[in-house]
Every structure is written in C-alpha cells, then in structure tokens.
Amino acid sequence: MPRPENPLDSASGPVAAFAIALRRLRAEAGAPSYRTMAARCFYGYTTLATAASGRRFPTWEITRAYVVACNGDLREWERRWRDTARALGLLGNEREERSPPAGLPEGGPPEHDQPVAAVDPAQAKSLPELMGMLGQLRGRAGLSLRQLVERSREHSGPGRAATVLARTTVSEFLRGTRPPRLRDVVRIAQLCGATPSELDAWAAAAHRLLSPEALTATYGEGSRPEVPPRPGGPSRPGGPSRSGDRSEGLSSVPRTRPKLLAASSPDTGTARTDTAQSETATVLDFSRRGGPTVLRILLGSQLRKLREARGISTEEAGYEIRGSHSKISRMELGRVGFKERDLSVLLTLYGVDDPAERASLLELAREANTPGWWHRYGDILPSWFEVYLALEEAASLIRTYEVQFVPGLLQTEDYARAVVRLGFPEASDDEVQRRVRVRMTRQERFTSPDAPPLWAVIDEAVLHRPLGGGNVMRAQIEHLISMAELPNVTLQVVPFGAGGHAAASGTFTVLRFAEPGLSDVVYLEQLTTALYLDKPADVCSYMEAMNTVCVSASRPDKTVGLLRELLDSDSFHQETPHADAS
C-alpha cells in the first residue's frame, strides 16, 4: 500500500492550503498513484509528490503537470496559483501581474497539447546553442539528470520505441562535450514534456545542426567534441581502445578485440551506425555451425560494440541487470551464457528497438545456451579442449603444423586409437573408443560438400614413426594420399634435409574466421592444457612462421608422389611390432 501523506492544516499558511487543494484534486480523480500521474504528464513522481507535500510552493510548470495528470481545470488552477503566489509575495510588481507564470504562454494557460516551456529550437544557430536550449527545457520541466534518466527507464521496455538514457551520456550531451544523435535530442525533449508538433521542431533543428557541414562550421575541419575517458572506465567511441585484452591460457576462452564503432550518423536518427547495423546483421546471419561457444563470443562481441557506441560503462550496464561490471565483461567475452531477461534489458539500454532485431538476438542467445555435439563427451574432454572444438567448427580456414603425429583431422581410426592409447595408457577400452569417436566426428566436416580449407604441414619424422604398427602406418599414409587429393585439403611435408626453420619450437594451429566479430586464433596444445593467442602481434608472428615452414616444405603437388615413394620403400614392407595390438 502507498505510504499515507503527512497531515496538513490549511491554517498553517498559503502553501499548506494550496497543497491540500492539490490533494483534494487528486482524490477527486480517483487517487491515482504518483507513478501513474508521472506517466500521464511526463514529470517525475517524486516531483509531483513534493508539490502536494506542503513543504514548498511548486512552480507553475509542476502545478500544471499535476493538474493535467488529474484532469483538472487548468484555467481555474492558474487563477488559484496566481492568488497563492501573490499572497506569498512572488507576484508583486505590475510587470509580473501582466506576465503569465513561467512556462505559461501569453493569452492564458496552455491546453494539454501545448508546450511545457517556450523554447524554440528553430532559433538555434549551432549545436551547443541547441543543447543549451535543451538544457533550458529540462530546467523548466523541473527535472534533474537523475530524474530524466529514471523517467526514460520507466517509459522504456522490450518492443517499445523508447531508449533508456545514461546519466553521464546526457550530461555530456548538454555540456556539449559529446555530439548527440538526432534520436537522443528528440528523446530528451519528449521526456521533458514536448508535444508531437514540438518534437518535429526539435528533430528538424537536430537534423540541421548535426549535419557534417554544420559540425565542421562549429568545431572546425576534422574536429568534433571529444569526451575525456572516464578513470578506470572504457574508452569512448573515437578514443583509444580499451586496454588489457590479452590472451589467456589455461582453459580460457579467446577474447575478441572488436574495433570501436564510428560515431553515429547524426542526420539519420538511427540507434546505431550503418556499420553497427551491418555487423549486427552479420551476427544474425552467422552460421550456427560453430556451436554455443562461438555464438556466445559473437553475441558478446556485438553487445560490447552496442554498449561502446552508446557510451555506456560496464558499471552502468551491470547496474541495469543487477550485476557487476565483471559480469558484463564475462558476457562480452563469451565466457558465460545469457539470461533472456538480462539480454532484453541490455538491448533496451543500448537502444535496440527494432522488434525483429531484438527477437533475432534473443533467439541467438537461446541457441548460445544450447550445448554443442561434444557436450555428451564432457566427462572425458577437458574444458580447454571444448573451446577449441567450438572454434574449429566455426573456422573458415585451418592451418596446422605437426612434428610428432599426423594431424588429428587426417588420422585414421586405428592410428587415432594408437595415439589415444599413448596419451591415456590407463584408459578403458570404452573411453578410448569415445575419444576416437570425437576425432572421427571432427573429420566429418572436412569431407562434406561445403568443407572449409585445411592446410596441414607435417615433419617427415611423423611419417617414419610407426604408431600402431606397420600395417596401421601404411593405412595411415594411404589415407593421407586420398585426403591430399581432395580440393579443400593441402598437405605438405618438411623433409629432413630442410634443416632448421622458424617453427622448430613445436606444433601449433592457426584458426581463421570469416566473421568480423571473431579474431584469428593461434592454438598451442600442451600436455595438460592449451594456450589461445589472439593478439594481432602474436597471430602475425605465428603466421610468418607458418609461411616460412611452407616454403621449406615440399610443394603441395609433390606430396602425393613423396608419400607413394615412402610406401614403396623397404621400411613399409616389414611389420613393425607395437605394444597396441588393437
């Protein structure tokens, strides 16, 4: 139940008598809650409650909003407000007697569809002047920045064409340190009580003053107002990128490093730039082949772009979903799943108003929470390798260099079983078979009609190490010959005579992605863990090493001949004993 208002006595003075009259008006209107009244008049509910508290005499703008919310007689209340103001000595001189109260046009009190304040945006000659007028409108509406933000939050929701404003962003708009978008100007004017006809005037003025020509005339060629970075917070669009995005190993998900979006196109009034819209479309059109991990990375990357384009900090975003800034970071890095409620709130905060786009992103989140095919092998697969499986599924190009074994994507079932036995000597037969099945399932993608390119380079020593015995190795080399003849597979062998090269330090794999939201990743598998490197400098170094190895290796068109010569050699005419007889 609402808390009862403090009792008042009309004998206490004009302010108390005026407040009692306001309360009576509200009771006659059915005693609506102050939140309901705020929704009717676009004023904060605390401001309306204070007007009837008797603690201070309200301005005419606040009185008018209260009366409008209760469907009262504006002319009668304008007369009553004047009488009380005169009794308090607020209307004492002849000029004030002739002039209407602040916010009241000449000729009588305004109707419900008339402006809150006489501010004409068409008179603005520059963007700072327009923002000054917008600040004047907010002041005459009696709204603090916090009240303005709260009102935007109260009148926003899923599927509604309304944007939640961030307090710091609005402050930067009004100070002139950050150029707003057309829709931001219109939204602030709307929340300050502007009518549809006035909103058209604000939109026209914003369209005129946010054009590239007007901005150049105001700020000079090639310059625009810059926002100083918040201490400890993310950089704003146009500023330096956020630091600290370095790769981490030990079961970490590779971090994406998306480019910051360009400033919004001011003359379109859209929620985001064309670049952001096209990148959102790319995310929505992304093939679901990559599984939940990749979908989470892509969706998280898109959420980061939307947040940075709006100039919202991770702390502000976390507050909206009743979480912390670290939760927002984990979501943007794709390390955790997405709750539909949290995502819906964030999309509203970031200005994603289009119902179709919201529905698609929410559906993408539901798919990102769906386990991948490898989930049923979770009892035998380490978490760091599950990450690799997801990235491998999404990769548009895989380049790998092996010095110890045939690459897993090119192994036969018997060869794979021998490798698994070597790595897990105490595993049961059932566990070995399940691990082999994981490897065989991974290979199915590379023999399908839409198979991605696979470029493998192996050291010649791999071909002379008879895992599983001579027959197993012979079958493996025959399989390599058949795979090398596929149009999407390139296979090279680094001969013993090649000497040293840049990749002599060991095995590595480079995963490349067509999607702009995913950076290329270098995968380094170790005995009990793996490292994922996605820093551009690291990826570039490994790509250079890979290219050097390819130059040292035999030409791809010579690989099949080399393998056939090896099969015809004496070493493969003799059975080599091996401990694994399976």
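**Exercise 1. In this predicted model, find the residue of strand 6 that stands opposite Y523.**

Solution, step by step:
- Start at Y523 and look across to strand 6: the residue standing opposite is Y532.
- Now widen the view. Strand 5 covers residues 521-525 and strand 6 covers residues 530-533; the two run antiparallel and are joined by four bridges.
- One more pair to check is E525, whose bridge partner in strand 6 is A530.
- Finally, trace the chain from strand 5 to strand 6: a hairpin of four residues makes the link.

**Exercise 2. Which residue of strand 5 is the bridge partner of V510, and how many residues of strand 5 are buried?**

Solution, step by step:
- Go to strand 4, residues 508-512, which runs antiparallel to strand 5 and is joined to it by three bridges.
- From V510, cross over to strand 5 and you land on V522.
- For burial, count residues under 20% relative accessible area. Four of the five residues in strand 5 are buried, so the strand is mostly covered.

**Exercise 3. Describe the largest pocket and say which elements supply at least two residues of its lining.**

Solution, step by step:
- Begin with the space inside, about 1100 Å³.
- Next, look at the 38 lining residues: F385, R439, Y523, E525 and Q526 are the closest to the centre.
- Then list the elements that each give at least two lining residues: helix 19 (383-394), strand 1 (397-402), helix 20 (413-423), helix 21 (429-443), strand 4 and strand 5.
- Last, sort the lining by type: 22 residues are nonpolar, 10 polar and six charged.

Methods. Residues are numbered from 1 along each chain as its sequence is written. This is a predicted model: local features need pLDDT of at least 70, side-chain atom pairs count only at pLDDT 80 or more; totals for chains, interfaces and linings use all residues. Side-chain values use heavy atoms; hydrogens and water are left out. Two strands pair if DSSP finds at least two bridges between them. Buried means under 20% relative accessible area, exposed over 50%, partly exposed in between (1.4 Å probe, protein chains only). On a 1 Å grid over the protein atoms alone, a cavity is a set of points where a 1.4 Å probe fits but cannot get out, and a pocket is an open set with protein on both sides within 12 Å along at least five of seven lines; lining residues have an atom within 4 Å of a point. Grid points are joined across faces, edges and corners, and a volume is the space filled by probe spheres set on the points. Ala, Val, Leu, Ile, Met, Phe, Trp, Tyr, Cys and Pro count as nonpolar, Asp, Glu, Lys and Arg as charged, and the others, Gly among them, as polar.
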